[in-house]
Amino acid sequence: MFAPHLVETVPTHRDQAPAVRDRFRRLYERPVLLEVDELGREFETDDGPVVALDRIGFRAYRRELVCFIGSSGCGKSTLIRILAGLDYPTSGRVLLDGHEVNGPGRDRGMVFQGYTLFPWRTVLENVTFGLEVGGRGRRQAETEAYEWIELVGLSRFAGAYPHQLSGGMKQRVAIARALANHPRILLMDEPFGALDAQTRTQMQSYLLQIWRHVDITILFVMHDLDEAIYLADRIVVLGPNPGRVLDTVEVPVPRPRDPSQSLSPEFIATKRHLESLIHGQRPMSVDVLPKFRHRHADEDVQ
Amino acid sequence: MGFPRRRQPEWLGVRKEVPSRRRAVLVVLSFVLPLALWSTVSYVPFVWHPLVRIETPASVSYFQRGMLVDRDVFASENRSAAAEGRERAQGVRANPIYLPAPHEVVRALYMAFKTPPRLPSEPWLHESLWHSIQVIFWGFLLSSLLGVPLGILCGAFPFFSKLFEPFLEFFRYLPAPAFGALCVAILGIYDAPKIAIIFIGTFFQQVLVVGNTTRKLDPSLLEAAQTLGANRRQLLFKVIVPGIVVDLYTDMRVLLGWAWTYLIVAELVGTTSGITYFINQQARYRNYQNVFAAIAIIGLIGLCSDVALAYVGRRLFPWHAERGGTSLLTLLGRCFRPRKAEPRRTTQPA
């Protein structure tokens, strides 16, 4: 006897509201911006070759926000470095707009986990760097840079040096610096990892605002599940040893996103699914510490 | 203003920041303490003073007024004089001639610029000094013109590092003074061999030090620049050079100190001249206060030029956040300023 209304009371990550389903349908109709095809990366070590990435494949559509998550050692940083052209694949290829990626280039902006602002340049000069090396005149570069600095809300600090800024502000400058080059795609390698929880939440909503106003595709590497669900259209889950794609999840949480959605059923369902993928079915193992007491435990501590 | 009074930090906190006022006191003390020690040895008669300066020779035939004799000799002569019923010699305790008192050195320092040299052919102190400074300047300039670019190339490109550094690593262990005779044979006897010795002493270290400084540049800055579209030349001139310039400046300050050491060696080669010649001449005349004066001048020049360079450095590199190291000048300035609460570091919102 089949009674679907009795079985499916709790939604899963696959249940999408009609609006969300429509959104994904439209997303897949957009042109493919980035295509990763059978990508592999092997490292030579003293103990023989180690496979860091094994036949990775995915596509990112124009103006999509894709997050990569995975436990440490799944090669997600290697992957994004290959996409940026800072590392190279040992097999497979990366196509951006149909052209193979070969070394770093202006069409792929990157925001790093460490603050990579040039300490000898002011905020304004940091943002003009890409325009300068691209051969833009100083005046024009500065005018353009101002617009980007305004976009990330730091016009008051245009003349400040990086050491005078907080961590969150530095990363906003880094985002402005990358975007000023008009890249096709923005690669972000755990850029908010070093920030405290509050600043991080702030930065996430800044990023979503920027993304709304700029024609940019974002690939974001992170290890925080909530952050991924809050930001992403789709989440690519990577598994370790060797790094490979475990699943690609369409996030069913409707846009515009809001931090309060983290308690909604679809958010929780997605998070549960991601957690089971990353940690597997087995519970996380915590070693039992040896019983060794310097002091009698209270009733309350027991 | 409205803040509660901060607790004074303890004096001997392990790796704890010392408040600026206290730091100034310590800086002053670091000069005052050795001076005080010197003064004690010089002016307190019962501290050390192993000799006796004769004031009245009296019956001791070989004593002369102003002569310095051992305390034991003085005592035994006086004992025998007393035994024979002769008049006893008079004298005061004194230090050896090679340890002049501070005021003698200060006077010598002042007089050195006023009294003409003994022989008409000998240079004045300031002429000797000026000569030395010129030799250092040219030696250091030539070395830097070659060494800094080469060091940056070695640091930036492993190709150059592997090509040059092994040989430089070998060559820097060859003592520069050992090339003295060779330099004279090749370059003659005037200033050229001296400049060459300073060059040899500085150059090889310089390339290696600058190379290491360049390698210490955060590689992620280079990667960031690459993702922004910088090519190789732009990486070198827009990232590496400005990125290391602060550390490079500090390296140069240290290396300049080494150049002074090699100056002393260089000036003993070929025609003796410059400040070392002055020191040797004065030692020969047993004018030890002049020797000390000349040494003190070298020290002062070194210290002043370093303080000046540090000051200029802070002006040149405004992005370089002060990391606890405040300059001597600012510290001394703070000594004379009224005590006020240090401004609290404000943190900006993200």
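This is a predicted model: local features need pLDDT of at least 70, side-chain atom pairs count only at pLDDT 80 or more; totals for chains, interfaces and linings use all residues.
In chain A, an open sheet is formed by 6 strands in the order 6-7-8-3-9-10, and its pairing is mixed. From one strand to the next, the twist averages 20°. Within this sheet, strand 6 and strand 7 of chain A are paired in the parallel sense over 4 bridges, and Arg108(A) has Ile185(A) in strand 7 as its bridge partner. Strand 7 is in turn paired with strand 8 of chain A, again in the parallel sense, over 5 bridges; here the bridge partner of Asp189(A) is Val221(A) in strand 8. A parallel pairing over 4 bridges also links strand 3 (residues 65–69) and strand 8 (residues 217–221) of chain A, with Val66(A) opposite Leu219(A).

Strand 7 (residues 185–189) of chain A has 5 of its 5 residues buried, so this strand is largely enclosed by the rest of the structure. In a regular strand, side chains alternate between the two faces of the sheet. In strand 7 of chain A, Ile185(A), Leu187(A) and Asp189(A) point one way, while Leu186(A) and Met188(A) point the other way, and all are buried.

Chain A also contains an open sheet of 4 strands in the order 2-1-4-5, with antiparallel pairing. Its edges are strand 2 (48–61) and strand 5 (99–100) of chain A, each with a single partner strand, so one side of each is left without a neighbour in the sheet. Strand 1 (residues 32–45) and strand 2 of chain A pair in the antiparallel sense over 10 bridges, and Phe43(A) stands opposite Val50(A) in strand 2. Helix 3 (residues 76–84) of chain A lies across strand 1, strand 2 and strand 4 (91–96), and runs at about 65° to strand 2. Strand 1 of chain A also includes Glu38(A), which has a positive phi of about 50° although it is not a glycine. Glu38(A) is exposed, with 12 other C-beta atoms within 10 Å.

Helix 5 (residues 138–151) of chain A has 14 residues, which at 1.5 Å a residue should span 20 Å; the end C-alpha atoms are 20 Å apart, in agreement with this value. Its buried residues are Ala141(A), Ala145(A), Trp148(A) and Ile149(A). These cover an arc of only 100° around the axis, and therefore lie on the same side of helix 5 of chain A. An α-helix has 3.6 residues a turn, so residues three or four places apart point the same way. On the other side of helix 5 of chain A, Arg139(A), Gln140(A) and Glu150(A) are exposed. The cover over the buried residues of helix 5 includes helix 4 and helix 6 of chain A. Just after helix 5, Gly153(A) adopts a positive phi of about 75°.

Two cis peptide bonds in chain A are described here. One runs from Asn241(A) to Pro242(A), with omega near -10°, and Pro242(A) lies in the loop between strand 9 (234–239) and strand 10 of chain A. Another, from Arg255(A) to Pro256(A), has omega near 0°; Pro256(A) is located in the loop between strand 10 and helix 9 (265–279) of chain A.

The secondary structure of chain B comprises 12 helices and 3 strands. Of the 350 residues in chain B, 26% are buried. Among the contacts in chain B with a separation of 6 or more, 71% are between residues 24 or more positions apart. In the loop between helix 1 (20–43) and strand 1 (51–56) of chain B, His49(B) has a phi near 45°, a positive value in a residue other than glycine. His49(B) is partly exposed, with 19 other C-beta atoms within 10 Å.

The contact between the chains involves 28 residues from chain A and 18 residues from chain B. On the side of chain A that touches chain B, strand 6 (108–111), helix 4 (123–133), helix 6 (167–179) and helix 7 (197–213) of chain A each supply at least two residues. The residues of this side of chain A comprise 13 nonpolar, 12 polar and 3 charged.

Terms used. Residues are numbered from 1 along each chain as its sequence is written. Chains are lettered from A and ligands numbered from 1 in the order in which they are written. Two residues are in contact if their C-beta atoms, placed from the backbone, lie within 7 Å. Ala, Val, Leu, Ile, Met, Phe, Trp, Tyr, Cys and Pro count as nonpolar, Asp, Glu, Lys and Arg as charged, and the others, Gly among them, as polar. Two strands pair if DSSP finds at least two bridges between them. Axes are lines fitted to C-alpha atoms, for helices over the stretch in contact, and angles run from 0 to 180 degrees between N-to-C directions. The expected span of a helix is 1.5 Å times one less than its number of residues. A residue is buried if 20 or more other C-beta atoms lie within 10 Å of its own, exposed if 12 or fewer, and partly exposed in between; C-beta atoms are placed from the backbone. The arc is that of the directions from the helix axis to the C-beta atoms.
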